Amino acid sequence: MEKIKQPQGLFPKKKLFSLFLWIAINALLIQALISSYSRSELSAAAYKFTRLLERCHVLFVSDLDKNGKDDAVVIYSHEPNPYHKNIKALSPFLPTGLLRFSYFWEGIIPANESLLQPIDLDEDGEVEIPLLGVQDKKLILKLLDIKGNIKNILNFPCQLEPAQVIFRALFADLNNDSYKEMITPVQSNYSKSPRGIAVWDMKKKELLWQFPMGCMPDIVQVIDIDQNGLKEILVGGRAPHNGVYANGTDDDHSYVFTLDNKGQLRWRQVLGGYFTRMSIINLDIDADGELELIVTKACDREIDPEPGEIRIIKASNGETERLINDSASYSEIYLLPEKNRPASLVVGNSRGEVVLFDNQLHRLKNIELAQPAIVKGVAKLGRQEKEYNIFVQAGFTNFYILGQKLNVLSRSSLNYFWEIEAVRFFPLANQEEAAGLLNADFLYLLRREHRPFFFWLGRLIKSHFLFHLFIFFLFNFLIIALLRLPKNTSAFPSPRIESEWLEQAQEIAHRMKNYMFTIQLEGEKLNLLTQRGEETSHQQVIAPATQSILEDVKELNRLSRVLMKLLTPKTLELRSSDINSLVQRIVAKYQELLKEKIKFILDLDKEATAILVDQEQIEEALTNLVINAIDALPEGGQITIRTSVIYSPLRRKKKTLEIEIEDNGVGIPEDKLKDIFKPYFSTKKNGLGIGLTMAERIIKAHDGRISVHSREGVGTKFAIMIPWREK
């Protein structure tokens, strides 16, 4: 009986597997393309940080001369001084725009005086600059004009305990009688002296009332809860855990409470235990005509920490309307205006997230940053910008600018923030342009401006987007070329040719990456020159960089033409090559580009190092290791390359040539050392994972061996041993 053939599927199993593999690899390449595309890198706009002054102790923004352009008054010190501080009033806005600062005046004030928010206290149409100090049992309020001249001095009798201090104040008409009162938080330097709120009559120059408390009054705001003109004082008290108790409050708990204009407690709510703190904003968030308080809680204790909180409190009676808990502490919270819908709330947390909430505290969106995130402000930057920017401090050195959709617009690494809570952003505005002041390790002027073309080109190359795009098209070109090969493969020497052909294609792609790396360095050089704003002619900037880029692109084109000629196995082409000269040539390629960032040290054996090797392949292996060392030094550092001729101990004959490449970079985790030579293994985010594999294969092809020693935070050393051959 004739056997019936079983019908085969539409595709053979091998073809289905190949199709699946092609789709999977393309998906990975597309994912790499998307991850390397960054709006912050490829947009035509840039955020510029201009260093103005040393870090300021106190800074206030106000339109001092009432010309519609914001000015600033700052307190700073050139160096620590127990007797005086520097004060400066300045304006960043000139008729031609934000070019430089012009100064109203600058001077010196006693160390015990504090700067307050500039305000028109006497309502004469002119802004005064208040200075507050305590001396001889008197609270002294000096009022300066915008040129630094003393307009008035007010003395208030004041009895403070030795540990109590007053260095902040705000002014408001609490009683709706057209006269402003001065509200001062009384703090104590972590002793058992009580804290409190003191209210002073500006007209009679006397104490109206005071409210003692146990918690530390970090937040003091004046609000009108009932909208009747009579103001209330909102207090947020931190819990420093010093054993102070007063008026039903202690400093083992943090509190939120309100006082009426006579100093009577309206309501009080316990927020957390010791070492907890908060931030508060007040607004009618649900547009029901009643004021709400949005309060975040953070816990600073390491033992048995409390969960973070965000709660909405009804300002009239202190009832909690909505509450969410989280294992992470929440930092300062800000209102984010939205177009055609209610405003959102934006806040950072200790887990490294920046989170958007709606007015019902429903989570809308979040972005994860590498380190604990603190939102420092929300404002517009630039000319006629429609969207708001979110300014975020992440950890001790990173500063992010996010868009309204939490997309990263800019990331900057500044010097170490000594006080993580002391970093502040202050919006600046005039009729033409919105800018800002960032008080961090220094005082910076922050602007949004359009990038020059070569600045944009440098960022484009640095983003790796072009490289991933090239790899995507190269891979698919190879697949199409394979599909168009003749169906009869008997003409090929053996079936393993195709596998070897693909391996060689990977090698060529990796070589192309090396040339792309050089292009990237040239782009970064252009980027650095444009950022510095140096007066450099176009010819000086463009000619060397573009020449280098064109040479590397030419080499990329040559390598792509070689791809189709790789159907035969690759053999070693041995010839006498001087390894010392080869090392010097490789280092010279990168030394000039990286001289401000990385120091190269060559410790080369004085003996002749000419041995039989395939010079092209050895150069490729050493280049891969040098680039690997450069990648391990993102903040700069040192790379040492040594060569040593090793003799046979008995016959005094040259036996081995040793090459060491050592860096003092980030190091490799111990659990990953065993995998670094495996194909496709990489510790870099955008690495292909074949550089070290190729280096090992080349060394082994020369009957040599390669080893690695590494320690996290110390550095990495690769050691290569190549047998000595002269003939």
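Is Arg-351 buried, partly exposed or exposed? Arg-351 is partly exposed, with a relative accessible area of 41%. The model is predicted. The salt bridges come to 31 in the count.

**Salt bridges**

- Side chains of opposite charge can pair when their charged atoms come close.
- Arg-351 pairs with Glu-353 in a salt bridge, at 3.0 Å from N to O.
- Glu-353 is buried, at 8% relative accessibility, whereas Arg-351 is partly exposed at 41%.
- Glu-306 and Lys-297 form another salt bridge, their closest N and O atoms lying 2.9 Å apart.
- Glu-306 has a relative accessible area of 17% and is therefore buried, since buried means under 20%.
- Lys-297 is also buried, with a relative accessible area of 3%.
- Arg-642 forms a salt bridge with Asp-603, and here the closest N and O atoms are 3.9 Å apart.
- This pair links distant parts of the chain, 39 residues apart. Arg-642 belongs to strand S39 (residues 637-647), and Asp-603 to strand S37 (residues 598-603).
- Arg-642 is partly exposed, with a relative accessible area of 24%. Asp-603 counts as partly exposed too, at 42% relative accessibility.
- One network takes in Asp-122, Asp-124, Glu-126, Glu-128 and Lys-151, joined by salt bridges that share partners.

- Helix H9 spans residues 691-701 and is mostly covered, with eight of its 11 residues buried.
- The buried residues of H9 are Gly-691, Leu-692, Thr-693, Met-694, Ala-695, Glu-696, Ile-698 and Ile-699.
- Helix H8 (residues 615-631) packs with H9 at an angle of about 145°, and the two axes are 9 Å apart.
- The crossing of H8 past H9 is left-handed.
- On the H8 side, contact is made by Gln-617, Ile-618, Glu-620, Ala-621, Asn-624, Leu-625 and Asn-628.
- On the H9 side, the contact residues are Gly-691, Leu-692, Met-694, Ala-695, Ile-698 and Ile-699.
- Buried residues of H9 include Leu-692, Ala-695 and Ile-699, and these residues also take part in the contact with H8.
- An α-helix has 3.6 residues a turn, so residues three or four places apart point the same way.

**Surface patch**

- Leu-16, Leu-19, Trp-22 and Ile-23 form a nonpolar patch on the surface.
- Together these residues have about 360 Å² of accessible area.
- Leu-16 lies in helix H1, which covers residues 13-36.
- Leu-16 has a relative accessible area of 43% and is partly exposed.

**Positive phi angles**

- Most residues other than glycine have a negative phi.
- Ser-178 has a positive phi, near 70°. This serine sits in the loop between strand S11 (170-172) and strand S12 (181-188).
- Ser-178 counts as exposed because its relative accessibility is 58%, and exposed means over 50%.
- His-241 also has a positive phi, near 70°. Its place is the loop between strand S16 (232-238) and strand S17 (245-246).
- His-241 is partly exposed, at 38% relative accessibility.

Definitions and conventions. Residues numbered from 1 in each chain as written. Predicted model: local features only at pLDDT ≥ 70, side-chain atom pairs only at ≥ 80, totals over all residues. Heavy atoms only, no water. Patch = residues over 30% accessible without salt bridge, like charges linked within 9 Å, V, L, I, M, F, W, Y side chains within 5 Å. Areas by Shrake-Rupley, 256 points an atom, 1.4 Å probe, with all protein chains shown as cover. Salt bridge = Lys/Arg side-chain N within 4 Å of Asp/Glu carboxyl O. Helix = DSSP H or I, 4+ residues; strand = E, 2+ residues; numbered from the N terminus. Buried < 20%, exposed > 50% of the residue type's maximum accessible area, 1.4 Å probe, protein only. Axes fitted to C-alpha atoms, helices over the stretch in contact; angles between N-to-C directions. Left-handed = near helix turned anticlockwise from the far one by under 90°. Contact = heavy atoms within 4.5 Å.
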